[in-house]
Amino acid sequence: KINYFIIGTSCHSIQSAIKFYTLQPQGPDYLFVGTCYLTQSHPEKTSIDQLEGPTLPGKVKKELETLKSSSLESIHPSVPKIF
């Protein structure tokens, strides 16, 4: 029996999303983008101004789609799908 794992990571900027998305030979299977709410998992963020907010996932998706269409697949054939 072969065990498969799904590996993900969180990112909090477009730059960190690109960094993880383009890791060689294979990056994470998924990216969890941003902190939209004040939570106990990020106690360093104490005000709404410090949150990435709900717009960051859309911005990351747009940037990664641009990268993917600009021949990233030929460099990194295992690029995950962008939802």
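A residue counts as partly exposed when its relative accessible area lies between the buried range, under 20%, and the exposed range, over 50%. By that scale Lys61, at 31% relative accessibility, is partly exposed. The model described here is predicted, and its chain of 83 residues has 24% of them buried. Along the sequence the elements follow the pattern β-α-β-α, with two helices and two strands in the chain.

**Chain as a whole**

- The accessible surface of the chain amounts to about 6,200 Å², and carbon and sulfur atoms account for 59% of that area.
- Among contacts in the chain with a separation of 6 or more, 42% are between residues 24 or more positions apart.

**Helix H1**

- Helix H1 spans residues 14-21, and its buried residues are Ser16, Ala17 and Tyr21; viewed down the axis of H1, these buried residues fall within an arc of 130°, so they line one face of the helix.
- On the face of H1 turned away from that buried side sit the exposed residues Gln15 and Lys19.

- Together with Ile6 and Tyr30, Phe32 forms a nonpolar patch on the surface, and the three residues have about 380 Å² of accessible area together.
- When neighbours within four places in sequence are left aside, Phe32 is in contact with Thr9, Ser10 and Cys11.
- Phe32 and Pro57 are 25 residues apart in sequence, while their C-alpha atoms are 8.4 Å apart in space.

**Salt bridges**

- Side chains of opposite charge can pair when their charged atoms come close, and the structure holds two salt bridges.
- In one of them, the side chains of Glu52 and Lys45 meet with an N to O distance of 2.8 Å; Glu52 is partly exposed, with a relative accessible area of 21%, whereas Lys45, at 13% relative accessibility, counts as buried.
- Glu65 forms a salt bridge with Lys61, and the closest N and O atoms of this pair are 4.0 Å apart.
- Because Glu65 and Lys61 are four residues apart in helix H2, which runs over residues 56-75, about one helical turn separates them.
- Glu65 counts as partly exposed at 37% relative accessibility, and Lys61 likewise counts as partly exposed, at 31%.

Methods. Residues numbered from 1 in each chain as written. Predicted model: local features only at pLDDT ≥ 70, side-chain atom pairs only at ≥ 80, totals over all residues. Heavy atoms only, no water. Patch = residues over 30% accessible without salt bridge, like charges linked within 9 Å, V, L, I, M, F, W, Y side chains within 5 Å. Areas by Shrake-Rupley, 256 points an atom, 1.4 Å probe, with all protein chains shown as cover. Buried < 20%, exposed > 50% of the residue type's maximum accessible area, 1.4 Å probe, protein only. Arc of directions from axis to C-beta. Contact = heavy atoms within 4.5 Å.
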